[in-house]
Amino acid sequence: MAKTITNYFDELRGTRVWRSVFRSGSGSSTLHRALAIQQNVFLHLFSTKVRTRMLSFSATWYLGTLTLGTFLILVSTGIPLMFYYHPSVPQAYADTKDLQFVVSSGLFLRNLHRWSAHAMVFLVFAHMFKVFYRGAYRPPREFNWVIGVVLLLITLLLSYTGYLLPWDQLAFWAITVGSNIASAVPVMGNKVHFLMLGGNVVNANALLRFYVLHCMILPLVAILFVAIHFWRIRKDGGLYAHQSEPRTVAARSVPAKGVPVP
Amino acid sequence: MPLSSESSFEPKKNSLSALWQTLFGHPVRAFGVVSLLLLILLAIAPAKNHFSEWRHYQKQYLALIRGRGDAVTLERRFHDHDGIQQIWLPQLGVVDRCTSCHSGLKEASLSDVSTQPFRRHPAIPHTLDQFGCVMCHRGQGPATTVEEAHSSTLAWEQPILPARYVQSSCGQCHRAPLTGTPQLNSGRNLLGRYGCVHCHTIKLPDGSAIKPTDDPPSLEHVADKTTREWVYAWLKDPQAYAVTATMPNFKLSDPDARDISAFLIADSTPLAGDTAPTPKNEKAPDPTAGASLYGESFCASCHAVQNAAGNVVGGDVGPELTRVGNKVKPEWLRAWLHNPRVYDSGTAMPHYRLSDPQLSLLTAFLGNKTDTDLLANVHLDAATPEQIAHGKLLVTEYGCASCHEINGIKKPDNFAPELTRIGSKALTQIIFLPGMTHALPDYIAAKIRQPRSFGSALKMPQFSLAPGQIDALTTALLSLTDRAQDLPRALTVAAKPASNYQPAGRAGQLMSDLACFSCHAINGRGGDMAPDLTWEGSSVQRPWLQAFLKNPGTLRPALIRRMPRFNLSDEDAKELTDYIMTVYQTPEFDRDSMPAGGYPAAQVERGKQLFYSKYACQGCHIVDTKVDKGYIGPTLTQVGSRLNAAWIYHWLKEPQNLRPGTIEPNRNMPDEDARALTAFLMAQRGSGKQEAKK
Amino acid sequence: MSGPTPKDFIAGMDSNARKSPTRVVFVTRRTSAQVKVTAEDQVQTYPELLFRAVVAIEVLAIALVSMALLFNAPLEGIADPSHTPNPAKAPWYFLGLQEMLHYFPPVVAGVLVPGLVVMALIVIPYFNINVEAEGLFLKDRERRVLIFYVVTAALCLFLLLFDVYVALVPALIVAGFMALAAQSSPQSASAFRRGLAAKPLSFWIMTWFLFELTVLTAVGTFFRGPGWSWVLPWRS
């Protein structure tokens, strides 16, 4: 059955319309499959080939993939949520209520967005620890690790800015407690706090600020860094595979046998 | 397919793993299967939407009305506004979607339906769209599920208000008493009557505060009035002395009560002229002989006495007198009866001008009202300075000075928490007792019922309240919401501003001395026990008034409470009459516009016809004592010499205009009918006097 | 198809370029790219990886959608600056920080510690000691054991000084394993101890960090009630 599905899919890829869109035609040859990756603006970030070992679950636990999954879910639920939301006080809370009680599947959207956000924060942390324990931060992947740390911070900021948007007690006081930590910065703590909230306390200004950051700035920055993160995986030689790597930097000059660079 | 899937998945072992292999053995197949699962799961969300509670109830409603006679009308009205319904009042912040399920609220023809949520709303003075639902019933208006709308949730802590407290919601806008909210009115009165507002400030939206009405006595000269033993017994249990006492029980330990009584007596200063010793040569009268004087003076209009059956009989303006002999010293009592204004210039007690023998009679009669058990077990040693000092400390600690004036102790400010917004108190700020329902009404009621159950160290004392009174107080307190405070002024119905009207001159002094305002209201100030006297000068004839002040008779045979006789001198009576006849005039009409007599006989006769047939006035009034049986309204046998003709005429035309709230019906009388009746009534002068002489 | 310096590498190629195209890179001494990959079994990203990735995402989506259908996201009353809930808690991922704020001054717990953690995370790959990743106690054992004990004692003293028992316990447990690692060698009988002996310093620090993060976050989330006092989550 799988064969039939794939065949049909290959046929679809052979059509003129498909080819006009994706610039690669049908065919199950390695070339065609490589082109499918290469010729696609999104997929070309990835290598055309991966090591067979890296497909196994234990290698990565698919944590990076899953994190991307939560991000996609968050974007696709976040956009419809934006349709119903005004970042103003007290309309924001009323809109959240309306999502729960009046908007068709509004409660589902909000639930999915909320749980996915929590899942994303958790998965980003898990991804980081998994990468660390596998030693995948080693050269030449140093900078991709740094980008990963940046993405961790962006994820935390995304979740934190989103936390305020329902404008309920939970949101208000969580942001109040969290933002008070910023006041502890030496010398310019109060300035940082003021800049963060657009005022000395959490109020309508802070809500608007957080809304713009949550729905505009941070997602764009995140997408940019995610793109670099993926592209660097390819450029840094694919996913890190323990035994295939030279043990030390010193071993660099050891001649390799047949080097297909992915 | 050159897919290398063999390595990642186990080879076939049995049928189960074969199935697994078929479904997930290949990434593409797995993709198909998992996608299908995800799509099915995603379809549940809109399906859930479709089976929502409110749709279910709307279907039930349609089924309910289908079989009815007016099904077509009802269905059309229902379909005119399908889907989620809401009442949106931006000014009030109301978004009520209750009508999404409560579909039949406005359908008068559904009066026989008793199943919720389809019951018809009972008739109320407002339309349902005017204020929405949650203004009165609380609960979460925007919610569209039963659980969220009716219960207390994390997102909305005010659940539906139990029906027995619903009158509290009227009180959010209506500060003035309403006829439909007896429980709220009573609760508001109790807040003042039991002195709650001495300790707890309750501010009204206009910035004023609710004032206490209980008039707790000053203790500056308490040693003149009573003994330390009585103070001790009273402190231990006020209701043991008088069941109607509003003083709460502070649950004091014996040593604490001992020390407080020691302090209060030691702290008291003597008051000059406060004691009137019995004249030397007078022999003690028979204690029971004062009973008739007590009755004639209508003491019972204000003071109650517990009878042998345990029933408390009498008014509640003054203190209960069942065991007054245990309390007051005879010299003080005599001085008080002689002129109460010496001891307490603001007392509601009138200054009876009693003669010496009358004073002796009453003093002996009241002094005999004792209960031997009350003080039988109270034996106090002389107070030590330590006890007095400790007593002073306790008096400060318990905030006694919030209610009573005490020498050397200032009235504490904000002694207890302010209750201005108690009706919206956040549940998170309340510490509930174990096993208690986590709801505001239950908390308030429990706190009133047994304040110390929330902690033995709490200062709030135990009040002696009936369950109905607790409900009433809870209702009144629940009306003190944020909404009541923040409501647009245009939507509130303010209470009549409290009047501090005080008549001027000597007449004014006389009226204070006689405590007229304890029973009568004038220009918005005063009690409601006796008729409002604001337009009395337009209403009555001068000779009648002067005679009445000297010797009040009864106008309403059905009433037990009557105007007492104050033994006024001729001058005083004339002074008062002059003042009333001159000042208390209505601007509605000219009192001299109709003659007092000389009406044509035919008109008088027509008036009689109208009185007995067309308007059947004899149902409530008596003109001919032999025939008429009416006793609801005043007797009219001598009305011709009592009332002013123009008053009668205008009274008949529009009684509510002259005395708002009177039960006299407005019969929409034509002018000639009113004139004929006036003529008939003005002719009623002599028979009453003859009657009285018999 | 052949570079000017064919000595340094051998290119293996299929004769059928259409069937298995192979990109070839020419590495000269001047090329900056670091080529450190040996030949290994490879598969095409499409369809092998792509379908697996999509299936993984779908499985996650199924889990999250089920959760969204079953559990509602929390929503409390409208924000009210005048009613402070007790306790007022930050989002769960900051509760570790908030727990630390309970013990340390805000400058330390709120700025210094998170700042240092982020810095430490960033610099990890730039230290050769982390890249080489040799067992902590394999070289220069005695001196390192001494430093380990001094540092551990100092840390424990510091934590005791601030009464931070919550952080002390994970620190002691990790230190216990490190002490065990110090007593182990690659020749140890048990595989577990051989593993311990091979763990580098970065492993120990990261493990300590992970352990502390988990414990502090869990304590802050589940075990803290009104006034940041201890509560049991199942007794509420």
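This is a predicted model: local features need pLDDT of at least 70, side-chain atom pairs count only at pLDDT 80 or more; totals for chains, interfaces and linings use all residues.
Me: What makes R97(B) and D98(A) a salt bridge?
Reply: The closest N and O atoms of R97(B) and D98(A) are 2.8 Å apart. The cut-off is 4 Å between a side-chain nitrogen of Lys or Arg and a carboxyl oxygen of Asp or Glu. An Arg faces an Asp at 2.8 Å, so the pair qualifies.

Me: How many salt bridges does the rule find across the interface of chain B and chain A?
Reply: The rule finds 1. It also finds 6 residue pairs in polar contact across that interface, both residues of each pair at pLDDT 80 or more.

Me: Which helix of chain B gives the largest share of the side that touches chain A?
Reply: Helix α2 (residues 27-50) of chain B does, with 6 residues. That side of chain B divides into 11 nonpolar, 5 polar and 3 charged residues.

Me: How do you know how many residues of chain B and chain A are in contact?
Reply: Heavy atoms within 4.5 Å make a contact. On that test, 19 residues of chain B are in contact with 15 residues of chain A. The area buried between these chains is about 1500 Å², and carbon and sulfur atoms give 62% of it.

Me: What does the contact count come to for chain C and chain A?
Reply: Here 82 residues of chain C are in contact with 93 residues of chain A. The buried area is about 8400 Å². Carbon and sulfur atoms give 70% of that area.

Me: What is the count of salt bridges between chain C and chain A?
Reply: The count is 0. Polar contacts are another matter: 25 residue pairs are counted between chain C and chain A, both at pLDDT 80 or more.

Me: Which elements give two or more residues to the side of chain C that touches chain A?
Reply: They are β1 (42-44), α1 (45-70), α2 (95-101), α3 (106-123), α4 (128-132) and α8 (201-222) of chain C. The largest share, 17 residues, comes from α1(C). By residue class, that side of chain C holds 53 nonpolar, 17 polar and 12 charged.

Me: Why is the D129(B) and K106(B) pair called a salt bridge?
Reply: The N to O distance between their side chains is 3.2 Å. The limit is 4 Å, so this Lys and Asp pair passes. The pair links distant parts of the chain, 23 residues apart. D129(B) sits in helix α5 (residues 128-131) of chain B, and K106(B) in the loop between β2 (94-96) and α5. Over all chains, the search finds 28 salt bridges.

Me: What makes the second largest cavity count as one?
Reply: A cavity is a set of points where a 1.4 Å probe fits but cannot get out. This one has a volume of about 40 Å³. The count of cavities is 2 at a threshold of 30 Å³ or more.

Me: Which residues line the second largest cavity?
Reply: The lining is G171(B), Q172(B), R175(B), P205(B), T420(B), S479(B), L480(B), A484(B) and Q485(B). Helices α8 (167-173) and α22 (482-486) of chain B each give two or more residues. The lining divides into 3 nonpolar, 5 polar and 1 charged.

Me: What is the phi of W61(A)?
Reply: W61(A) has a positive phi of about 55°, although it is not a glycine. W61(A) is placed in the loop between α4 (57-60) and α5 (63-83) of chain A.

Terms used: Residues are numbered from 1 along each chain as its sequence is written. Chains are lettered from A and ligands numbered from 1 in the order in which they are written. Side-chain values use heavy atoms; hydrogens and water are left out. Buried area is the accessible area (1.4 Å probe) that two parts lose on being put together, summed over both. A polar contact is a pair of N or O atoms within 3.5 Å; within protein, one must be able to donate a hydrogen and the other to accept it, and residues adjacent in sequence count only if both atoms are side-chain atoms. Helices (H or I, at least four residues) and strands (E, at least two) are DSSP runs, numbered from the N terminus. Ala, Val, Leu, Ile, Met, Phe, Trp, Tyr, Cys and Pro count as nonpolar, Asp, Glu, Lys and Arg as charged, and the others, Gly among them, as polar. On a 1 Å grid over the protein atoms alone, a cavity is a set of points where a 1.4 Å probe fits but cannot get out, and a pocket is an open set with protein on both sides within 12 Å along at least five of seven lines; lining residues have an atom within 4 Å of a point. Grid points are joined across faces, edges and corners, and a volume is the space filled by probe spheres set on the points.
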